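Subject: Structure for you to look at

Hello,

Here is the structure I promised to pass on. Have a look at it first, and then read on for what I found.

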Amino acid sequence: MPSTTPRTNASTSAPLDCDFLACSAYKFYGPHVGVLYGKRDLLQSLEVPKLGPAPDSAPERYETGTQNHEGIVGAAGAVDFLASLADGPSRRVRLQTAFDALHLRGEALVSRLWDGLSEIAGIRLYGPAPRASRTPTVSFSVRSHPALDVCRHLAERGIFATHGDFYATTVVERLGRSREGLVRVGCACYTTEDEVDRLVEAVHSFARRATLS
């Protein structure tokens, strides 16, 4: 689990030194392919079901068939893209520098987004405030209006947002929004301050119209 202590710079964080780490490459702009990291000695020591022709050595022994070569290439391309956002003597250094900068940029953008939405009457924001350790993604609702209606209003203004429960069905049910759902928006590496302001203004216009109707 991530630390609950806010961090101001990713380079100050200690290495994870984890045994295993699983993630989805699309979370860092890659294709829909899963990624599993494991310490080689542990990967070698575990007993796993494998096909007879598969190698006995790690990590290939975990492959259950022909590898997803296009997914692997796409994931590597995403890593190279992130590394290209910074300068440095190695890809590892460039990635760390890029992550540090993106973290600070994400903090600034999500604070702008959160503060802007907070000033709109009828808006309810969910999750920790930007000062906490969090990702630059925000979920919100506009009074009792369906999230789909909000997203349609945004789409008419050239702004794409998603709605629903985002597979967090139990959480949304506990929030009392099972029928209406939530609106979710986020700040990516290419998001600008102007785009955040456009979004806030579009939500504001929906809230004003909803009040008058």
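R112 is partly exposed, with a relative accessible area of 34%. Its side chain forms a salt bridge with D197, and the closest N and O atoms are 2.9 Å apart. This pair links distant parts of the chain, since R112 belongs to helix α3 (residues 91–118) and D197 to helix α6 (residues 193–212), 85 residues apart. D197 is partly exposed as well, at 33% relative accessible area. Please keep in mind that this is a predicted model.

There are eight salt bridges in total. Another one joins K39 to D19, with 3.6 Å between the closest N and O atoms. Here too distant parts of the chain are linked: K39 sits in the loop between β2 (34–38) and α1 (40–45), while D19 is in the segment before β1 (20–24), 20 residues apart. Both ends are partly exposed, K39 at 24% relative accessibility and D19 at 40%. A further salt bridge is formed by the side chains of E156 and R157, at 3.5 Å from N to O. In that pair E156 counts as exposed, with 59% relative accessibility, whereas R157 is partly exposed, at 36%. Shared partners also tie D17, D19 and K39 into one network of salt bridges.

Now to helix α3 itself. It has 28 residues and reaches 39 Å from its first C-alpha to its last, close to the 40 Å expected at 1.5 Å a residue. Its buried residues include L95, A98, H103, L109, L113, W114 and L117. D100 and S111 are also among the buried residues of α3. An α-helix has 3.6 residues a turn, so residues three or four places apart point the same way. You can follow that spacing in the buried set, for instance through H103, G106, L109 or V110, L113 and L117.

The largest nonpolar core has 28 residues, and L113, L117, F140 and V203 touch the most other members. At least two residues of this core come from each of α3, β3 (123–126), β4 (137–142), α4 (147–155), β6 and α6. Which element supplies the largest share of this core? That is α6, with eight residues. In soluble globular proteins, nonpolar side chains tend to be buried together.

Some nonpolar side chains are on the outside, though. Y29, F81, L85 and Y190 make a nonpolar surface patch of about 420 Å². Y190 lies in the loop between β6 (182–186) and α6, and counts as exposed because its relative accessibility is 59%, over the 50% cut-off.

Finally, the overall picture. The protein chain has six helices and six strands, which run β-β-α-α-α-β-β-α-β-α-β-α from the N terminus on. Its C-alpha atoms fill a box of roughly 70 × 40 × 30 Å along the principal axes. Of the 213 residues, 31% count as buried. The chain exposes about 13,800 Å², and carbon and sulfur atoms supply 55% of that area. Among contacts between residues at least 6 apart in sequence, 51% join residues at least 24 apart.

Best wishes

Methods:
Residues are numbered from 1 along each chain as its sequence is written. This is a predicted model: local features need pLDDT of at least 70, side-chain atom pairs count only at pLDDT 80 or more; totals for chains, interfaces and linings use all residues. Side-chain values use heavy atoms; hydrogens and water are left out. A salt bridge is a side-chain nitrogen of Lys or Arg within 4 Å of a carboxyl oxygen of Asp or Glu. Helices (H or I, at least four residues) and strands (E, at least two) are DSSP runs, numbered from the N terminus. Buried means under 20% relative accessible area, exposed over 50%, partly exposed in between (1.4 Å probe, protein chains only). Patches are made of residues with over 30% relative accessible area and no salt bridge: like charges are joined within 9 Å, nonpolar side chains (Val, Leu, Ile, Met, Phe, Trp, Tyr) within 5 Å. Accessible areas come from the Shrake-Rupley method with a 1.4 Å probe; for residues, only the protein chains shown count as cover. A nonpolar core is a set of buried Ala, Val, Leu, Ile, Met, Phe, Trp, Tyr and Cys residues joined through side-chain atoms within 4.5 Å. The expected span of a helix is 1.5 Å times one less than its number of residues. Contact means heavy atoms within 4.5 Å.
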